[in-house]
Amino acid sequence: MGQFPAYRSRRLRQSAVLRQLVCETRLDVTQLVLPLFVRSGRKLRRPIAAMPGVFQLSPDELIGEASRAHQLGVPAVLLFGIPETKDAKASGAYAANGIVQQAVRLLKKELPQLLVITDVCLCEYMQHGHYGIVQRDKSGGRILNDPTLKLLARTAASHAQAGADMVAPSDMMDGRVRAIRTELDRLGFTETPIMSYAAKFASAFYGPFREAAESAPKFGDRRSYQMDPANAAEALREVALDIQEGADIVMVKPALPYLDILYRVKTEFGYPTAAYAVSAEYSMTKAAGANGWIDERAITLESLLAMRRAGADILITYAAAEVARWLKAD
Ligand code: PBG
């Protein structure tokens, strides 16, 4: 056989400089989005038990939290509101002076450079915790798709009117992206982008969030409108529909257990793609880290890098501020 000039990948791993030169994927603070929870009050920082480091914040505290993250380089936040009262029409979602609308105005006034994205959903504002108008029947209840679209469009418009830079519909009603796009355009917000939760699975990984946003459904579950975790082709169809309807950025959620979906969405459509590392992804890492079972920092960074490698341009993570600090220290 003689000498075989084998490729030896080890040659390129000999020094940090070489490793950096051949590095294919990078994590950068400019890709991070920090989700934040706001509720009315003053000086309020109500901890979420299953999400250490995450709080329900009153608007004054929200400014502090957003400003600290922004100073570390986090360019954007994703806002969720917890209203004081809930009803069957989700009135709080589109009230001109609702909690999210107030918070957006304040954020844009105090931190004009920070990109403010709002979660557009009715579940936090509905008595029953579902995404849409419910018609009760013998089997529990049925969500009425089309009447819900009007409320979603109204909610998105009220966020834009308050100054939101981008809206992110997170329900999974059919036709919501078109309804929101049409309403935004009608009101002159033609430049406000839509980041749609396009491939959103009916996932147990949202558990801790429902405590954070106080949005657990009071009856039934979300399987009639979120996707079956067994389905991948369906996820691609959902994404295709949202793009046709006018989504500017498509999101896959959860992130780490759905990297195959992320990869396929990016490969198939080549659209700006966001990955949402959801509440339980955060909780599990925190819990194992606190026990000393894993290296929290290393696991968090590796997980986010994996999302980038799979195709995510944008990383939505509760750890955004910490990650920014770690990246800075590196
Ligand atoms: C709906 C919404 C949810 C999440 C983001 N937007 C919860 C749900 O669909 O039940 C989950 C995010 C997370 O788990 O971190 N408003």
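1. In this predicted model, Glu 61 and Arg 45 form a salt bridge through their side chains, with an N to O distance of 3.3 Å. The two residues lie 16 residues apart, Glu 61 in helix H2 (residues 59-71) and Arg 45 in strand S2 (residues 45-47), and the pair thus links distant parts of the chain.

2. Arg 45, at 32%, is partly exposed.

3. A salt bridge also joins the side chains of Asp 171 and Arg 176 (3.4 Å, N to O). Both of these residues are buried.

4. Arg 176 has a salt bridge with Asp 242 as well, the closest N and O atoms being 3.2 Å apart. This pair links distant parts of the chain, with Arg 176 in helix H6 (residues 176-186) and Asp 242 in helix H8 (residues 233-245), 66 residues apart. Relative accessibility is 2% for Arg 176, which counts as buried, and 3% for Asp 242, also buried.

5. Through shared partners, salt bridges join Arg 45, Glu 61, Glu 65 and Arg 68 into one network. The structure holds 15 salt bridges.

6. Turning to helix packing, the axes of H11 (residues 296-310) and H12 (residues 320-329) come within 11 Å and cross at roughly 100 degrees, so H11 is roughly perpendicular to H12. Residues making the contact include Leu 301 and Leu 304 of H11 and Val 323 and Trp 326 of H12. The contact residues divide into five nonpolar, one polar and three charged.

Terms used. Residues are numbered from 1 along each chain as its sequence is written. This is a predicted model: local features need pLDDT of at least 70, side-chain atom pairs count only at pLDDT 80 or more; totals for chains, interfaces and linings use all residues. Side-chain values use heavy atoms; hydrogens and water are left out. Axes are lines fitted to C-alpha atoms, for helices over the stretch in contact, and angles run from 0 to 180 degrees between N-to-C directions. Helices (H or I, at least four residues) and strands (E, at least two) are DSSP runs, numbered from the N terminus. Angles under 35 degrees count as roughly parallel, over 145 as roughly antiparallel, 65 to 115 as roughly perpendicular and the rest as oblique. Contact means heavy atoms within 4.5 Å. Ala, Val, Leu, Ile, Met, Phe, Trp, Tyr, Cys and Pro count as nonpolar, Asp, Glu, Lys and Arg as charged, and the others, Gly among them, as polar. A salt bridge is a side-chain nitrogen of Lys or Arg within 4 Å of a carboxyl oxygen of Asp or Glu. Buried means under 20% relative accessible area, exposed over 50%, partly exposed in between (1.4 Å probe, protein chains only).
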